[in-house]
Amino acid sequence: MRFEFFIGRRYLRSRQKQAFISLISILSTAGVTVGVMALIVVIAVMAGAQNEFRSRILGVDSHAILMRYGGEIDNYRDLIGQVQREPGVLSARPFIYTQSMLRSAAGASGAVLKGVDPPTKTEIAIDGMGEAFRKLYPLQGDDTPEDNVAPIVLGKELGRKLSVVEGDTVYLISFRGMVSPIGHVPAMTRFRVAGFFASGMYQFDEAYAFVRLADAQRTLKLGDTVSGIEIRVNDIYQADQVAERIKKKLGFPYWTKDWMQMNANLFFALKLEKTAMFIILTLIVLVAAFNIASTLIMMVMKKTKDIAILKAMGASDGSIMRIFVIKGMVIGGFGTMLGVVLGIGICFVLKHYPFIKLPGNIYYFTTLPVQLQVADVLTIALAAIGICFLATLYPARQAARLNPVDAIRYG
């Protein structure tokens, strides 16, 4: 063992007259531990929230959409064929999207009406709305309404607001109604509630209603046109590139937008919050680092004669510096290691025992989402070690610069 490690270890063993310095060392270790632990837990929750938002949004919305400036698309079948031939595209299908109102025997509520085509078995397997599609299309390709009443699938919260159950009747009031001699009269169409869906996003569950594409076209008097084309890709992180290629290939008047653009504000806010929380909680580690520096400064003052003797025996300035750096790094390293262990342990408990409940009508999810990422843990641990290392440099440098003669004379 190099003598710097030996002496640094001896200095960590406090004697009675150095109890105050030992107490500060313990507090410094605790500060680093709490800071690292809090950082790991908070960053894991932020990463979990980002992942939950992404998965739930993509469970309802598509990876990208293709639409036309100025109105509906009439040649959508030809466009779908072109889009599906594009590399990276998994599937493409038409959709109709409009604002409407639903009325039941118990009340009324605004809704986002979405008309969808029957998906393939592969799409149902990967789509978060697969169960809703099965309720709309019990026999794929069968567009015959049951009892001459078209089916509709409502969000769970929307169904609760309308006070309806499966099998009840609701009326869709469309603002794209019929023109009469007295003016524009909203059209009213009867639908049978085929079921409900729960996406996990309260904003979707309280507003979305799904119907068959043909029923939406008939109700909204659209003829054989659609609002746009939904596109699903093999790699969601390549959706922007695929969408851009499709837009360039088709040209004006068509435009595309990927899921990151459609939810840019939300994901930017999450990223900003994650960065802000990292900076704020790093201040806890920074305060602990100041305590480490204070501990080492007092240690240098207590060990002035020891340092002088070591230098008189031939110890170099580098060796003296390393002794105090080692002491500070042991405090910081132990605190970081303990903080990582406790942080991972708390994340494990929160993930497997979700005892913290959140109101769904206020938050996007009902339990704390936790996603522990190795890169985040390593970044936090390295940042804590780096801050502790920087805190040791000044007192260690001051110890190395002590003059042995002056230290023995005045120490």
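Modeller: What follows is a walk around one group of rings, and then a look at some helix contacts.

This is a predicted model, where local features need pLDDT of at least 70 and side-chain atom pairs count only at pLDDT 80 or more, while totals for chains, interfaces and linings use all residues. Residues are numbered from 1 along each chain as its sequence is written, and side-chain values use heavy atoms, leaving out hydrogens and water.

Start with the whole. The protein has 15 helices and nine strands. Both are DSSP runs numbered from the N terminus: helices are H or I with at least four residues, strands are E with at least two. The protein has 411 residues, and 46% of them count as buried. Buried means under 20% relative accessible area, exposed means over 50%, and partly exposed lies in between (1.4 Å probe, protein chains only). Next, contacts, meaning heavy atoms within 4.5 Å. Take those with a separation of 6 or more: 78% of them are between residues 24 or more positions apart.

Now the rings. The structure holds five aromatic pairs. Rings of Phe, Tyr and Trp (its six-membered ring) pair if their centres lie within 6.5 Å; planes under 30 degrees apart are stacked, over 60 edge-to-face, and the rest tilted. Y69, F252 and W255 form one aromatic cluster. This is our close-up.

Take Y69 and F252. Their ring centres are 5.6 Å apart and their planes meet at 20°, so this pair is stacked. Y69 is in the loop between β1 (64-68) and α3 (76-84), and F252 is in the loop between α9 (239-250) and β9 (254-258), so the pair ties together parts 183 residues apart in sequence. Y69 has a relative accessible area of 46%, so Y69 is partly exposed. F252 reaches 73% relative accessibility, so F252 counts as exposed.

Then Y69 and W255. Here the ring centres lie 6.1 Å apart and the planes meet at 40°, so this pair is tilted. It also links distant parts of the chain: Y69 is in the loop between β1 and α3, W255 is in strand β9, and 186 residues separate them.

There is one more thing about F252. A cis peptide bond joins F252 to P253, with omega about 10°. P253 lies in the loop between α9 and β9. Most peptide bonds are trans, and most residues other than glycine have a negative phi. S163 has a positive phi, near 55°, and sits in the loop between α6 (156-162) and β5 (169-180). K221 also has a positive phi, near 55°, in the loop between α8 (213-219) and β8 (228-233).

The charged end of K114 sits over the ring of F95, 5.6 Å from its centre. That label needs NZ of Lys or CZ of Arg within 6 Å of the ring centre and within 35 degrees of the ring normal.

Last, the helices. Two packed helices are described by the angle between their axes and the distance between the axes. Helix α11 (residues 264-302) and helix α13 (residues 317-352) pack at about 145°, with axes 10 Å apart. The axes are lines fitted to C-alpha atoms, for helices over the stretch in contact, and angles run from 0 to 180 degrees between N-to-C directions. On the α11 side, I292, T295, L296, M299 and V300 meet F324, K327, G328, I331 and G332 in α13. These residues divide into six nonpolar, three polar and one charged. Nonpolar covers Ala, Val, Leu, Ile, Met, Phe, Trp, Tyr, Cys and Pro; charged covers Asp, Glu, Lys and Arg; the others, Gly among them, are polar.

T29 is in contact with I331, F334 and G335, leaving aside neighbours within four places in sequence. T29 belongs to helix α2 (residues 19-60). T29 has 13% relative accessibility, so T29 counts as buried. T29 and A288 are 259 residues apart in sequence, yet 7.3 Å apart from C-alpha to C-alpha.

I385 has a relative accessible area of 28%, so I385 is partly exposed.
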